[in-house]
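Dear colleague,

I am handing over the structure we spoke about, with the sequence and the coordinates shown just below. My notes on it follow, and I would be glad if you read them with the model open.

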Amino acid sequence: MSIERLDKGRRMSEAVIHGNTVYLAGQVAEGPDVESQTKAVLASIDSLLARAGTDKSRILTATIWLSDIANFAGMNAVWDAWVDQDNPPARATSEGKLAAPKFLVEIIVVAARG
């Protein structure tokens, strides 16, 4: 089974496609608050999934990291407006230190395609 990598860099790829499964790297974005960052992250996810031949209705699992769990409601407000209500993925959300203090949210997804 072939492996395809999107936006391959020295350290990582933004997406890896193996068969009918798409694995996205953790997506982060800059912005003044968790809501704007979440919107930008979800737009990146939409774009990468489209390039991989799938979409948010086919997301199997999502892992969400918040730099401060106090931002849970703000992130969820944006997530709830975006997620496919008929096909919500399995999801986990946790608080953790992200790669840089400017990042408030990071989202990792695995999706099916085909």
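Among what covers the buried residues of helix 2 are helix 1, strand 4, strand 5 and strand 6, where helices (H or I, at least four residues) and strands (E, at least two) are DSSP runs, numbered from the N terminus. Those buried residues are G74, M75, N76, V78, W79 and W82, buried meaning under 20% relative accessible area, exposed over 50% and partly exposed in between, with a 1.4 Å probe and protein chains only.

Before going further, please note that this is a predicted model, in which local features need pLDDT of at least 70 and side-chain atom pairs count only at pLDDT 80 or more, while totals for chains, interfaces and linings use all residues. Residues are numbered from 1 along each chain as its sequence is written, and side-chain values use heavy atoms, with hydrogens and water left out.

**The helix pair**

Helix 1 and helix 2 pack at an angle of about 35 degrees, with their axes 8 Å apart; axes are lines fitted to C-alpha atoms, for helices over the stretch in contact, and angles run from 0 to 180 degrees between N-to-C directions. The crossing of the two helices is right-handed, which is to say that the near helix is turned clockwise from the far one by less than a right angle. On the side of helix 1 the contact (heavy atoms within 4.5 Å) is made by V34, E35, T38, K39, L42, I45 and D46, and on the side of helix 2 by G74, M75, V78, W79 and W82.

Six strands form an open sheet of mixed pairing, in the order 1-2-3-6-4-5, two strands being paired if DSSP finds at least two bridges between them. Strand 1 and strand 5 are the edge strands, each pairing on one side only, and the twist averages 10 degrees from one strand to the next. Strand 4 and strand 5 run parallel and are joined by six bridges; L66, for instance, has E95 in strand 5 as its bridge partner. Helix 1 packs on this sheet, where it touches strand 1, strand 2, strand 3, strand 4 and strand 6, and its direction makes about 25 degrees with that of strand 6.

Leaving aside neighbours within four places in sequence, L24 is in contact with E14, A15, I45, L48, L49, I108 and V109.

**Salt bridges**

A search of the whole structure finds two salt bridges, each a side-chain nitrogen of Lys or Arg within 4 Å of a carboxyl oxygen of Asp or Glu. In one of them R51 pairs with D7, the closest N and O atoms being 2.9 Å apart; R51 lies in helix 1 and D7 in strand 1 (residues 3-8), so the pair ties together parts that are 44 residues apart in sequence. R51 is partly exposed at 43% relative accessibility, and D7 is partly exposed at 42%.

E30 and K102 form a salt bridge through their side chains, at 3.0 Å from N to O. E30 lies in the loop between strand 3 and helix 1, and K102 in the loop between strand 5 (90-95) and strand 6, so this pair ties together parts that are 72 residues apart in sequence.
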